[in-house]
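Please keep the sequence and the structure in view while reading.

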Amino acid sequence: MTILMVEIVPPVVISPSGGYNEVRPKNGSDFELAELASFIDDGSVELVYLRDGTLLVIDEDGKDKGLAYNEVATGLALLVLHRGDYIVGPALWCQEEQIK
């Protein structure tokens, strides 16, 4: 597996294609549950805490839905994922304090 160097700054939504879109909380400080779900195509929200104080918001059921492999998000989470695990579908990458 290749480790990717990513030059983007959270909060961003990372698509499986490798593209990303910068996003901001509607209230200016933290994301609400409905916002989180909208970034992952209204999926069930799962939080993946990364070692640098950021996290990924992903669809908990993404693999069951057959969503596409997300190489960039998997690369960001490589140190906290179980061996052989990976991330699928769109992922919101943000600071922990932006989730309340």
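## Basis and terms

Buried means under 20% relative accessible area, exposed over 50% and partly exposed in between, with a 1.4 Å probe and protein chains only. Helices (H or I, at least four residues) and strands (E, at least two) are DSSP runs, numbered from the N terminus.

The model is predicted, so local features need pLDDT of at least 70 and side-chain atom pairs count only at pLDDT 80 or more, while totals for chains, interfaces and linings use all residues. Residues are numbered from 1 along each chain as its sequence is written, and side-chain values use heavy atoms, with hydrogens and water left out.

## Strand β4

Both faces of β4 are covered, with T54, L56 and I58 buried on one side and L55, V57 and D59 buried on the other. Two strands pair if DSSP finds at least two bridges between them; β4 pairs in the antiparallel sense with β3 (residues 45-49) over 5 bridges and with β5 over 4 bridges. D59 is the bridge partner of V45, whereas V57 stands opposite L92 in β5.

## Nonpolar cores

A nonpolar core is a set of buried Ala, Val, Leu, Ile, Met, Phe, Trp, Tyr and Cys residues joined through side-chain atoms within 4.5 Å. The largest has 13 residues, of which V48, L50, L56, I58, A77, I87 and W93 touch the most other members. Its largest share, 3 residues, comes from α2. Apart from this core lies another of 11 residues, including V57 and C94.

## Residue N70

N70, in the loop between β4 (54-59) and α2 (71-77), is buried with a relative accessible area of 0%. Its side chain reaches the backbone oxygen of I14 at 3.1 Å.

Methods. Polar contact = N/O pair within 3.5 Å; in protein donor to acceptor, adjacent residues only side chain to side chain.
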